[in-house]
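Thank you all for making time this morning. I would like to walk through one model with you, and I will begin with a question once it is on the screen.

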Amino acid sequence: MSEPPAPPTLVNELARERNREAADRTLLAWIRTSLAMISLGFGIERLGQAAVALDQRFDGAAQTKTRFFGAALIALGVAATIAGMLEHRRILATIAAEDYRYADRPAIARFMGAALVVVGIAALALVVGGM
């Protein structure tokens, strides 16, 4: 039979509150990062459209490249927002549990970083290949 949880103490409750506030700050950082990726993706796509409109020498392939990479960054930004929200929800549920203990978990930032590396390598390949 398991032991009943220890009664709440001021130290434990303050630690929970600090962890809650840290989780909120982390979610806000994910939102800022997502907003930056979405804005950059939108800017890249619009820049491609403006380049084609200003100079007719740009072919459809240049516009397709900027549209693809703009859309990829926008999709990564949306995915980062969703991942941050899900992680925040999971952390809050963990903090609310009576037997709250730290548990190691995979870092979603590592996965988002890897996705950005893939997009960056693909962009580099298209830019170098298109020269």
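Which residues does Glu 87 touch, if we do not count residues up to four places away in sequence? Glu 87 touches Arg 105 and Ile 108, where contact means heavy atoms within 4.5 Å.

Before going on, a word on where this comes from: this is a predicted model, in which local features need pLDDT of at least 70 and side-chain atom pairs count only at pLDDT 80 or more, while totals for chains, interfaces and linings use all residues. Residues are numbered from 1 along each chain as its sequence is written, and side-chain values use heavy atoms, with hydrogens and water left out.

Staying with Glu 87, you will find this residue in helix H2, which covers residues 60–96; helices here are DSSP runs of H or I with at least four residues, numbered from the N terminus. Glu 87 counts as buried because its relative accessibility is 14%, given that buried means under 20% relative accessible area, exposed over 50%, and partly exposed in between, with a 1.4 Å probe and protein chains only.

The side chain of Glu 87 also meets that of Arg 90 in a salt bridge, at 3.2 Å from N to O; the term requires a side-chain nitrogen of Lys or Arg within 4 Å of a carboxyl oxygen of Asp or Glu. In general, side chains of opposite charge can pair when their charged atoms come close. Arg 90 and Glu 87 are three residues apart in helix H2, so about one helical turn separates them, and Arg 90 is partly exposed, with a relative accessible area of 35%.

By this rule the count comes to five salt bridges. Another of them joins Asp 24 and Arg 20, at 3.4 Å from N to O, and both of these residues lie in helix H1, residues 10–54, four residues apart, or about one turn of the helix. Asp 24 counts as partly exposed at 27% relative accessibility, and Arg 20 counts as partly exposed at 36%.

Glu 45 is buried, with a relative accessible area of 12%, whereas Arg 67 is partly exposed, at 41%.

Note on methods
Helices (H or I, at least four residues) and strands (E, at least two) are DSSP runs, numbered from the N terminus.
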